[in-house]
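Subject: Structure for you to look at

Hello,

Here is the structure I said I would pass on. Please open it first, then read the notes below it.

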Amino acid sequence: MAIERVKEYFRQYDMEERIIELSESSATVELAAQALGCEPARIAKSLSFMVDEKPILIICAGDVKVDNAKYKARFAAKAKMLTAEQAQILIGHAVGGVCPFGINEGVTVYLDESLRRFTTVFPACGSANSAIELSISEMERYSGYAEWVDVCKMRE
């Protein structure tokens, strides 16, 4: 199970006890916000794409979506999300629990600027009913991110 991979990942930092396992689903931004009692924007969603035939994750705020023009300018490619099956295979987590922790080798992680306006955010932890509250500096430290990017815009 992917949540076990995430627990193992955080165990090395003595942080696995901070993982929140919910009795209800947190598979979507709305469900996660409701289950965690926070605003949807603070859910750090993980979006998976393919760039130059390599999988990437973009971690962004729950109230934004990818801006195709910004994405293309940054990655020199059209934004095409992985299918659920591709995400499971290439990233290592199923859709609804995708996160930058305990992922497969070769996945590049980017943090979107939309996260910077928060003190803490809630990314998933490998399952459709898990999360962890992390500060932005903790997101930087534990996500293994390559760099900050600005590829999202507010939802209309």
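A nonpolar core is a set of buried Ala, Val, Leu, Ile, Met, Phe, Trp, Tyr and Cys residues joined through side-chain atoms within 4.5 Å. Keep in mind that this is a predicted model.

The largest nonpolar core here has 46 residues. F10, Y71, F75, F101 and L115 have the most contacts inside it. Among the elements that give two or more residues to this core are the helices α1 (2–11), α3 (68–75) and α5 (136–143), and the strands β2 (43–51) and β5 (108–112) are also among them. The element that gives the most is β3, with five residues. Apart from this core lies another one, of nine residues, including V29, A32, L36 and A131. In soluble globular proteins, nonpolar side chains tend to be buried together.

Leaving out residues up to four places away in sequence, Y71 touches F49, M50, V51, I56, I58, V66, A76, A77, K78, A79 and V151.

Next, the loops. S26 sits in the loop between β1 (20–21) and α2 (29–36). Is S26 buried or exposed? Its relative accessibility is 7%, so S26 counts as buried. Among the residues that S26 touches, beyond four places away in sequence, are G96, A128 and N129.

Most residues other than glycine have a negative phi. D14, in the loop between α1 and β1, has a positive phi of about 60°. E53, in the loop between β2 and β3, also has a positive phi, near 60°. D14 is exposed, at 57% relative accessible area, and E53 is exposed at 77%.

Regards

Conventions
Residues are numbered from 1 along each chain as its sequence is written. This is a predicted model: local features need pLDDT of at least 70, side-chain atom pairs count only at pLDDT 80 or more; totals for chains, interfaces and linings use all residues. Side-chain values use heavy atoms; hydrogens and water are left out. Buried means under 20% relative accessible area, exposed over 50%, partly exposed in between (1.4 Å probe, protein chains only). Helices (H or I, at least four residues) and strands (E, at least two) are DSSP runs, numbered from the N terminus. Contact means heavy atoms within 4.5 Å.
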